Amino acid sequence: MTLIGQTKTNTRKPPYKAVFSCPEECAEKINRYFCEHLPAHTEEVADVEALADFLSCTRADIFEMMSDKKYSPAVTRAMNRIAFIKKQLAFKGKIPAAVFVFDMKNNHSYKEKPDSGDNPEKSTVILKGEAGKWGD
C-alpha cells in the first residue's frame with residue numbers, strides 16, 4: 001500500500017530474466033514451442049497465453065520481453081508467427097471473424113482503421129505530366 005506523500009519503488013526484476021539465462025535460450029524455447037509442443041498437441045492453436053504458459057511466464061512478461069532489446073527479436077518473431085497462424089485459420093473459417101479481430105487488436109496491436117488523431121496532417125497528392133491522359 002502506498003500512503004499519500006510516499007512513492008512506491010518497484011525493485012522486482014522481470015520474471016522472464018529468471019526463466020531464461022540468455023536470449024539464445026529464450027529463442028530455443030520458443031522454437032521448441034512451435035516445432036515440438038504444437039505438433040504434439042494438435043488441437044491447440046498457437047496463442048500468446050499458451051506460449052507464455054509453455055515458457056513458464058505470463059502474457060505480461062511476453063509483452064515486456066518485446067520491449068527488451070535482448071529478447072525482442074525472438075519474441076517479436078514468435079508473436080508474428082502466432083498472428084500468421086491465426087490469420088490462416090481465420091481465412092479457412094476455423095476462427096470466427098469477431099474472435100480473430102478481437103485477438104489481433106488485443107494481442108497484436110492491430111487497428112481496424114487509423115484513428116483520426118494518428119495523422120493530424122492531411123496529405124495531398126499532386127500528379128504532374130501525363131497523368132491527365134491516364135483516364136482516357
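The model is a prediction, in which local features require pLDDT of at least 70 and side-chain atom pairs count only at pLDDT 80 or more, whereas totals for chains, interfaces and linings use all residues. Residues are numbered from 1 along each chain as its sequence is written, and side-chain values use heavy atoms, with hydrogens and water left out.

The protein contains six helices and zero strands, where helices (H or I, at least four residues) and strands (E, at least two) are DSSP runs numbered from the N terminus. Along the sequence, the pattern is accordingly written α-α-α-α-α-α. Of the 136 residues, 29% count as buried, a class defined by a relative accessible area under 20%, with exposed meaning over 50% and partly exposed lying in between (1.4 Å probe, protein chains only). Contacts are defined by heavy atoms within 4.5 Å, and among contacts between residues at least 6 apart in sequence, 49% join residues at least 24 apart.

Helix 5 (residues 72–91) packs with helix 2 (residues 23–40) at an angle of about 15 degrees, the two axes being 9 Å apart; this makes helix 2 roughly parallel to helix 5. Here axes are lines fitted to C-alpha atoms, for helices over the stretch in contact, and angles run from 0 to 180 degrees between N-to-C directions. Angles under 35 degrees count as roughly parallel, over 145 as roughly antiparallel, 65 to 115 as roughly perpendicular, and the rest as oblique. The crossing of helix 2 and helix 5 is left-handed, a term used if the near helix is turned anticlockwise from the far one by less than a right angle, with right-handed used if clockwise. On the side of helix 2 the contact involves C26, A27, I30 and F34, which meet A74, V75, A78, R81, I82 and I85 of helix 5. By class, the residues of this contact are nine nonpolar, no polar and one charged, where Ala, Val, Leu, Ile, Met, Phe, Trp, Tyr, Cys and Pro count as nonpolar, Asp, Glu, Lys and Arg as charged, and the others, Gly among them, as polar.

Within helix 5, A78 is buried, with a relative accessibility of 2%. When residues up to four places away in sequence are not counted, A78 touches I30, F34 and L51. A78 and F34 are separated by 44 residues in sequence, while their C-alpha atoms are 8.6 Å apart in space.

Helix 4 (59–67) and helix 5 have axes that come within 7 Å and cross at roughly 125 degrees, and the two helices are therefore oblique to each other. This crossing is also described as left-handed. The contact is formed by I62, F63, M65 and M66 of helix 4 together with S72, V75, T76 and M79 of helix 5, and its residues comprise six nonpolar, two polar and no charged.

The packing of helix 5 with helix 6 (residues 97–108) has an angle of about 170 degrees and axes 11 Å apart, which makes helix 5 roughly antiparallel to helix 6. In this contact M79, I82, A83, K86, K87 and A90 of helix 5 meet F100, D103, M104, N107 and H108 of helix 6, a set that divides into six nonpolar, two polar and three charged residues. K86, which lies in helix 5, is buried, with a relative accessible area of 5%. Beyond residues up to four places away in sequence, K86 touches V45, A46, D47, I95, F100, D103 and M104.

The structure holds zero disulfides, a disulfide being a pair of cysteine sulfur atoms within 2.5 Å. For C22, which is in no disulfide, the nearest cysteine sulfur is that of C26, 8.9 Å away; for C57, likewise in no disulfide, the nearest is that of C26, 8.0 Å away. C22 is partly exposed, with a relative accessible area of 25%, whereas C57 is buried, at 12%.

Two residues were examined for their backbone phi. Most residues other than glycine have a negative phi. S56, in the loop between helix 3 (48–54) and helix 4, has a positive phi near 65 degrees and is exposed, with a relative accessible area of 56%. S109, in the segment after helix 6, has a positive phi near 60 degrees and is exposed, with a relative accessible area of 64%.
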